[in-house]
Amino acid sequence: MKAHTRSGIREISQKHGFRRSDSLGQNFLVDKNIIDKIVESADIDEDSFVIEIGPGMGALTESLIEISGKVVAIEIDSHIIPLLEENLGKTDKLEIINQDVLKADLSEIIARERRRWKVEGRTIGKVAVLGNLPYYITTPIIMGILEKEVEMDTMVIMMQKEVAERIVAKPGSKTYGALSVACQFYCETSYVTTVPRTVFAPQPKVDSAVLRLDRRKVLPWDVEGRELFFKVVRAGFNQRRKTILNSVSTIEEIDKVGLSDILEGLGIDPRRRAETLSIEDFAKLTKEIGRRG
Ligand code: SAM
């Protein structure tokens, strides 16, 4: 296994005549300490089922196979798969799917795996989704998993540092926005570590960070109309500089007078901006708008 060293990646690539693709975000991890940190932070064991997004040459995959019960690795680039297979060798603990993860049905993959484990007399204790994600589709991958309510327990993912900061941002900070609300609505989020650009081959232009997202099994907010909730959130952050009264009253469900009444009733100053509202505030606001609509 050489996928986590610069010389190893060069050697394997030359042997297979593999040319990396910039457009697929192929920046490979070459630091064993970071690899260990990512894998450890997912808290997985032999009762865990892991879906890895974008295994590349298998830098993370090898450790994941060792620790977990089974890994399904989804990789879009058919040219890299022979390298991945050669690196990892044959094992029942790994299944490689050559597909665009955005088109993969993760819920079906998990359901199928549960059935397989059951036949073998085992039960999946934890479903974890891991990956050093390609930067160009980080947000659609995460939001796809959350919005489709894929029944995973934990996601540990590496992404561009700026995106990671937006995901974990709290109300009142400059980076707090619709992405923060969406991710924190569905998950408890935590910042695991910053990863400098120097530990990738080739080196990207930006630094990265690893986040852990634990799916909330029960949502703590009373949000009946989820569609309306996200509409209110998006309207609020679409025009960040406007007051909450001016930005949210752009949706057709409520006019300015009605919204002003609601905000007053909730004790939310209408001059506040969306970036100061908590998820709880957005949830209460949505409930009242829904009631009047
Ligand atoms: N896991 C490896 C590592 O850490 O060295 C590779 C990470 S590299 C940043 C991202 C990987 O995702 C590449 O192998 C790339 O081919 C793959 N990839 C890019 N777009 C993808 C997609 N839509 N679906 C699945 N895999 C994708």
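Okay, let's start at the beginning of α2, where a side-chain oxygen of D31 comes to within 2.9 Å of the backbone nitrogen of N33. Helices here are DSSP runs of H or I with at least four residues, strands are E runs of at least two, and both are numbered from the N terminus. Before I go on: this is a predicted model, where local features need pLDDT of at least 70, side-chain atom pairs count only at pLDDT 80 or more, and totals for chains, interfaces and linings use all residues. Residues are numbered from 1 along each chain as its sequence is written, and side-chain values use heavy atoms, with hydrogens and water left out.

Back to α2, residues 32-41: its buried residues are I34, I35, I38, V39 and S41. Buried means under 20% relative accessible area, exposed is over 50%, and partly exposed is in between, using a 1.4 Å probe and protein chains only. What do those buried residues pack against? They pack against β1, α3, β5, β6, β7 and β9. Just after α2, D43 has a positive phi of about 50°.

T61 is buried, at a relative accessible area of 0%. Its side chain makes a 2.7 Å polar contact with that of E52; a polar contact is a pair of N or O atoms within 3.5 Å, and within protein one must be able to donate a hydrogen and the other to accept it, while residues adjacent in sequence count only if both atoms are side-chain atoms.

Now the cores: sets of buried Ala, Val, Leu, Ile, Met, Phe, Trp, Tyr and Cys residues joined through side-chain atoms within 4.5 Å. The largest has 68 residues, and I142, F229 and F282 touch the most other members. Helix α9, residues 226-238, gives the most to this core, with seven residues. Domain 1 (6-215) and domain 2 (226-292) both give residues to this core, so it lies between them; the domain bounds come from an automatic or database assignment. A second, separate core of 25 residues includes V50, L130, M158 and F200.

Last stop, the ligand. A polar side-chain atom of Y136 is 2.9 Å from a ligand nitrogen.

Technical notes: Contact = heavy atoms within 4.5 Å.
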